[in-house]
Amino acid sequence: MQIDCLIDIPFEFRHTCYFCGEPSNRFFSFPHSAHIVLACSHPKLTLPCCNECRYIAYTVKQDDVWQVVEKVKQTLIKKYQKDLAIGVNWTREELANSGFEGGNFESFQKSAWFMFEVARDRVNFPAWPISLNGIELERLWQKSTFVFDGISFPSIDDAVGYYCKAFDLNKQWLRNVLAKLGVEKFAVAVRFCRNMKGATPNEMQVALAQLRL
């Protein structure tokens, strides 16, 4: 079947969703009639995709296909927050030795790590460069991804939002701590905010001032 504006697909990805790496059985085109882009920086492009990512992509309101890809990744991270959190709270060995056999959590023990790996691999999937008829399209601007604890986030802000939700942290405080420590000390910043949960604003200000020292 001939699909108009279908991007070039490497042989090893011929049945792969461009957004998440799952098997593809649908297509997503951008721009499209549900969201008018008056000054799109690239020609119309059609990407192979799975049903879930296609549905998400058509709800995204952005100006180029790379931004759509980022938004789909962000949505997957939010949707599968609980599955991704398994890898934050457990290791494979801890789950295997959790002692849930025969109890209410036995099914969780058997499937949890698999669910984590599937969710992790989907949000981490590194899509191939977009090219059309042999000509690679260059993105006009590049938003840096942020990798932490084995998960590739579209941006540092997405990582902040994810860990604040996972550990019930104050987003502004985590941003303030990162501003003092630097994003390269993301783990230290998250641990600091977790240790300060329940602290008063004054206590947080004092602790934050001590970080500078």
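Predicted model: local features only at pLDDT ≥ 70, side-chain atom pairs only at ≥ 80, totals over all residues.

Colleague: Within what arc do the buried residues of α7 fall, seen down its axis?

Modeller: The buried residues of this helix are Trp173, Leu174, Val177, Leu178 and Leu181. An α-helix has 3.6 residues a turn, so residues three or four places apart point the same way. In α7 the buried residues line one face of the helix, because they fall within an arc of 135 degrees.

Colleague: And just after α7, what phi does glycine 182 take?

Modeller: Here we are just past the end of the helix, at glycine 182. Its phi is positive, at about 95 degrees.

Colleague: Which residues of helix α8 are buried, and what arc do they cover?

Modeller: Helix α8 runs over residues 186–195, and its buried residues are Phe186, Ala189, Val190, Phe192 and Cys193. They sit on the same side of α8, because the arc they cover around the axis is only 160 degrees.

Colleague: Which residues touch the most other members of the largest nonpolar core?

Modeller: That core has 57 residues. Helix α2 (residues 65–79) gives the most to this core, with 7 residues. Phenylalanine 186 touches Phe146, Phe148, Ile156, Ala159, Val160, Tyr163 and Leu178, leaving aside residues up to four places away in sequence. The two that touch the most other core members are Phe19 and Phe186.

Colleague: How many disulfides does the count come to?

Modeller: A disulfide is a covalent bond between the sulfur atoms of two cysteines, and the cut-off used here is 2.5 Å between those sulfurs. The cysteine sulfur nearest to that of cysteine 20 belongs to cysteine 53, 3.7 Å away. For cysteine 193 the nearest is that of cysteine 164, at 7.0 Å. Neither cysteine 20 nor cysteine 193 is in a disulfide, and the count comes to 0.

Colleague: Is cysteine 20 buried or exposed, and what is its relative accessible area?

Modeller: The limit for calling a residue buried is under 20% relative accessible area. Cysteine 193 is buried, with 5%. Cysteine 20 is buried too, and its relative accessible area is 2%.

Colleague: How many residues apart in sequence are the parts that glutamate 52 and arginine 122 tie together?

Modeller: The side chains of glutamate 52 and arginine 122 meet in a salt bridge, 2.9 Å from N to O. Both glutamate 52 and arginine 122 are buried. Glutamate 52 lies in helix α1 (residues 51–57) and arginine 122 in helix α5 (residues 106–124), so the parts they tie together are 70 residues apart in sequence.

Colleague: Which helices hold the salt bridge partners aspartate 157 and arginine 175?

Modeller: The closest N and O atoms of this pair are 2.5 Å apart. Aspartate 157 is partly exposed at 43% relative accessibility, and arginine 175 is partly exposed at 38%. The pair ties together parts 18 residues apart in sequence, because the two partners lie in helices α6 and α7.

Colleague: Where is the cis peptide bond that joins phenylalanine 30 to its partner, and what is omega?

Modeller: Most residues other than glycine have a negative phi, and most peptide bonds are trans. Proline 31 is in the loop between β1 (26–30) and β2 (45–49). The cis bond joins phenylalanine 30 and proline 31, with omega at about -5 degrees.

Colleague: Is asparagine 133 buried or exposed, and what is its phi?

Modeller: Asparagine 133 is in the loop between β3 (131–132) and β4 (135–136). At 69% relative accessibility, asparagine 133 counts as exposed. Although it is not a glycine, asparagine 133 has a positive phi of about 55 degrees.

Methods: Residues numbered from 1 in each chain as written. Heavy atoms only, no water. Buried < 20%, exposed > 50% of the residue type's maximum accessible area, 1.4 Å probe, protein only. Helix = DSSP H or I, 4+ residues; strand = E, 2+ residues; numbered from the N terminus. Arc of directions from axis to C-beta. Salt bridge = Lys/Arg side-chain N within 4 Å of Asp/Glu carboxyl O. Core = buried A, V, L, I, M, F, W, Y, C linked by side-chain atoms within 4.5 Å. Contact = heavy atoms within 4.5 Å.
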